[in-house]
Number of protein chains: 2
Amino acid sequence: MYSSELVKGTLKTIILKLLSESDKMYGYEITQKVKDLTGGKIQLTEGALYPTLHAMEAQGILTTDVVNVGNRIRKYYSVTQTGKKVATEKVNEFSDFIDTMIFLLDLKPKMG
Amino acid sequence: MYSSELVKGTLKTIILKLLSESDKMYGYEITQKVKDLTGGKIQLTEGALYPTLHAMEAQGILTTDVVNVGNRIRKYYSVTQTGKKVATEKVNEFSDFIDTMIFLLDLKPKMG
DNA sequence: ATTTATACCTAATTTTCTTAGGTATATAAA
DNA sequence: TTTATATACCTAAGAAAATTAGGTATAAAT
């Protein structure tokens, strides 16, 4: 687990990237996928996630589709047309930011 | 200039890295060096910088040396022994975080 | 029967930053 | 010569974004 301050500011970018790849995901699913993909190094908290998802929906970046699974509700989120642009911009900006930080902190980028 | 939320959480790491390389720097100098090295893409605000420097001094990570330059004061900061450990930890953690984000967002790292 | 996992949510607090000032000297431009 | 820019420090109010710590409810595992 990284110190909380490090992960700050990356939440929207992470959400948008994951939702851009699979056409729909629900909140809990997002937390689990991020946990899996990062080996537990990044764990989104629900207190941060849900308000952010609601805000992004209000901004027209995401749309929702509420489904009943057994007796539980599940709220699927997907990226709108506008959201796709935002997603690309966010990811590109973050990519540029990483390059800048690698240079500034004199880090060796790993080979893929 | 990056969106402010992106740069959040990187301030201490940037300060510690720069101060670890030159034995002493003053606040204004740090803002200028970061601006220069990043081509203006990262511009530290004084309202964030000074309180952080003060906090890091209070925590024993930095020490100060106040000098008179003409009729102006200049407050030099340098990294303490404890601070050097923190600096290494912070930079390593950030480096690891970048690797994780590159994987999570499926970014292509640039060649150095 | 109780804990863990799933699945949603909110409210109070804390952390961290921005905004917007204030003080003061030195230099460059108009 | 006055005005703007650069240097150089600082703080306080407010905003933004997260954490912490709850609440509700079903399903599955211990």
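A polar contact is a pair of N or O atoms within 3.5 Å; within protein, one atom must be able to donate a hydrogen and the other to accept it, and residues adjacent in sequence count only if both atoms are side-chain atoms. By this rule, a base nitrogen of DNA strand D lies 3.0 Å from an N or O atom in the side chain of B:Glu46. The model is predicted, so local features need pLDDT of at least 70 and side-chain atom pairs count only at pLDDT 80 or more, while totals for chains, interfaces and linings use all residues. Residues are numbered from 1 along each chain as its sequence is written, chains are lettered from A and ligands numbered from 1 in the order in which they are written, and side-chain values use heavy atoms, with hydrogens and water left out.

Two copies of a chain are related by a rotation about an axis and a shift along it.

Helices (H or I, at least four residues) and strands (E, at least two) are DSSP runs, numbered from the N terminus, and two strands pair if DSSP finds at least two bridges between them. Chain A has an open sheet of three strands in the order 1-3-2, with antiparallel pairing. Strand 1 (25-26) and strand 2 (62-69) of chain A stand at the edges, each with a single partner strand, so one side of each has no neighbour in the sheet. Strand 1 of chain A is joined to strand 3 of chain A by two bridges, and A:Met25 stands opposite A:Tyr77. Eight bridges join strand 2 of chain A to strand 3 (residues 72-79) of chain A. In this pairing A:Val66 stands opposite A:Lys75, and A:Thr63 has A:Ser78 as its bridge partner. Strands 2 and 3 of chain A form a hairpin with two residues between them, and A:Gly70 in the turn has a positive phi of about 65 degrees.

Aromatic rings of Phe, Tyr and Trp (its six-membered ring) pair if their centres lie within 6.5 Å; planes under 30 degrees apart count as stacked, over 60 as edge-to-face and the rest as tilted. Six such pairs are found over all chains. The rings of A:Phe94 and A:Phe97 have their centres 6.1 Å apart and their planes at 50 degrees, so this pair is tilted. Both residues lie in helix 5 (residues 81-104) of chain A, three residues apart, about one turn of the helix.

A polar side-chain atom of A:Tyr50 lies 2.9 Å from a phosphate oxygen of DNA strand C, and one of A:Glu46 lies 2.9 Å from a base nitrogen of DNA strand C. Of the atoms of DNA strand C within 4 Å of the protein, 71% belong to sugar or phosphate and the rest to bases.

Around DNA strand D there are 22 residues, of which A:Thr45, B:Tyr26, B:Tyr28, B:Tyr50 and B:Arg74 come nearest. A base oxygen of DNA strand D is 3.2 Å from an N or O atom in the side chain of B:Arg72, and a phosphate oxygen is 3.3 Å from a polar backbone atom of A:Gly9.

Technical notes:
A residue is near a molecule or strand if one of its heavy atoms lies within 4 Å of it.
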